[in-house]
Amino acid sequence: MTAAATQRTNLLGLPRAALESFVAQLGGQPFRARQLMNWMYKRGVGSFADMTDLARDFRTLLAAQAEVRAPQILSQQRSGDGTRKWLLRADAAQAFEMVFIPEPDRGTLCISSQVGCALDCSFCATAQQGFNRNLSTAEMVGQVWLAVRELEREEQQRALAATPGAVSAPADERRVSNVVLMGMGEPLANFRNVVPALRILLDDFGFDLSRRRVTLSTSGLVPQIYKLAQETNVALAVSLHAPDDALRNELVPINRKHPIAELLRACWHYLDEQNGRSVTFEYVMLEGVNDSAAQARALARLLQGHPAKVNLIPFNPFPGTHYTRSPASVIERFRDELLQRGVLATIRRTRGEDIDAACGQLAGRVIDRTTVRLGSKVIGVAVQT
Ligand code: SAH
């Protein structure tokens, strides 16, 4: 790649206000930014030459100074249950993953926010890889842009190949209707790049997703939850995983810095500020570790009377882990203990397990050069705010 090419501004990284300033610098009117967004996000067009309602001179200028560049696909896999996983290039040595989960009433895209993760949660495959770097806004928005295009392209191919009258998947199942920041990385440790990406996901001229269809999941970076409350109103999910500090310190080491009571206060504050409905608490079911009836009751006591939902995630194993998944009957009993105490609880259906695409299994290709860890060891170094 030439020096000029690497200096071009990737428009996928610019929320509307920033795109308007960029366009203004090129001598364009603000409405040009909306036209550009329309091409990029509504029509999936990445080549300026194809944006036919822009003046030719302006297109030439854009082609010299800007680009619409999504991450490059290194490989892809399809699960027997229809779940898709893509391995995307971060640079010559590093890669990260993105997963699409089709369901009858929706299509959920799970995107990564970092290459690796510094949080060191003991039950998560990504943590074993270490942390390499934050993804840029363009790399996060680019994941959604790419998935939408890939799924559409496949759909067209299927339609061409289909025999007349053949039954195909319902439309909702094919397209991206929900985006969750639940892939590799801790989104709130990459605050500066994540917030503009959320803006583009929500913008009517961007992906135009409703705020309830975009979920940010965090392991509990409390100060960043307060900051997030000032910036956006997407749905919040929190990886709780334990009903008491002693156990959570072990499973989610950031808890030593921000214990459960502090974390829950931040969650309720987020809901108040953003007029949100509820916070989803993720709880991985680890056999003999956090899955007893007494622990379910302790969890219920923490959440009773608050706008909370618990999502129980059957543990997904990965090479080298010493944890095992709680049996289905134990998970159901745990759920019932919560429900009996008036705490909403569901069990997450495991998807994409056969291609290591399930929660906590994303490993990408991270060569850990920084050895920076959040949580138990070093705190704060990698948190970009
Ligand atoms: N770092 C953020 C985003 C990751 S979301 C966070 O911690 O919330 C991925 C979810 O899957 C988190 O709730 C995470 O705790 C959970 N998870 C991690 N490893 C898992 C595993 N092996 N099995 C099941 N769930 C896991």
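The exercises below concern the ligand site and the domains of a predicted model.

**Exercise 1.** Identify which atoms of F123, S217 and T218 lie within 3.5 Å of a ligand nitrogen or oxygen atom.

*Solution.* Step 1: Begin with the ligand nitrogen. A backbone N or O atom of F123 is 2.8 Å from a nitrogen atom of the ligand.
Step 1: Turn to ligand oxygen. S217 places a polar side-chain atom 2.6 Å from an oxygen atom of the ligand, while T218 has a backbone N or O atom 3.4 Å from an oxygen atom of the ligand.
Step 2: Consider the cover. On its own the ligand has 530 Å² of accessible area, and the protein covers 95% of this.

**Exercise 2.** Describe the domains of the chain and the contact between them.

*Solution.* Step 1: State the bounds. The domain assignment gives domain 1 (3–67) and domain 2 (73–382).
Step 1: The centres of domain 1 and domain 2, taken over C-alpha atoms, are 32 Å apart.
Step 2: Describe the contact. Domain 1 contributes 15 residues and domain 2 contributes 15 residues. About 1,200 Å² is buried between domain 1 and domain 2, with 64% of that area from carbon and sulfur atoms.

Key. Residues are numbered from 1 along each chain as its sequence is written. This is a predicted model: local features need pLDDT of at least 70, side-chain atom pairs count only at pLDDT 80 or more; totals for chains, interfaces and linings use all residues. Side-chain values use heavy atoms; hydrogens and water are left out. A polar contact is a pair of N or O atoms within 3.5 Å; within protein, one must be able to donate a hydrogen and the other to accept it, and residues adjacent in sequence count only if both atoms are side-chain atoms. Accessible areas come from the Shrake-Rupley method with a 1.4 Å probe; for residues, only the protein chains shown count as cover. Domain bounds come from an automatic or database domain assignment. Contact means heavy atoms within 4.5 Å. Buried area is the accessible area (1.4 Å probe) that two parts lose on being put together, summed over both.
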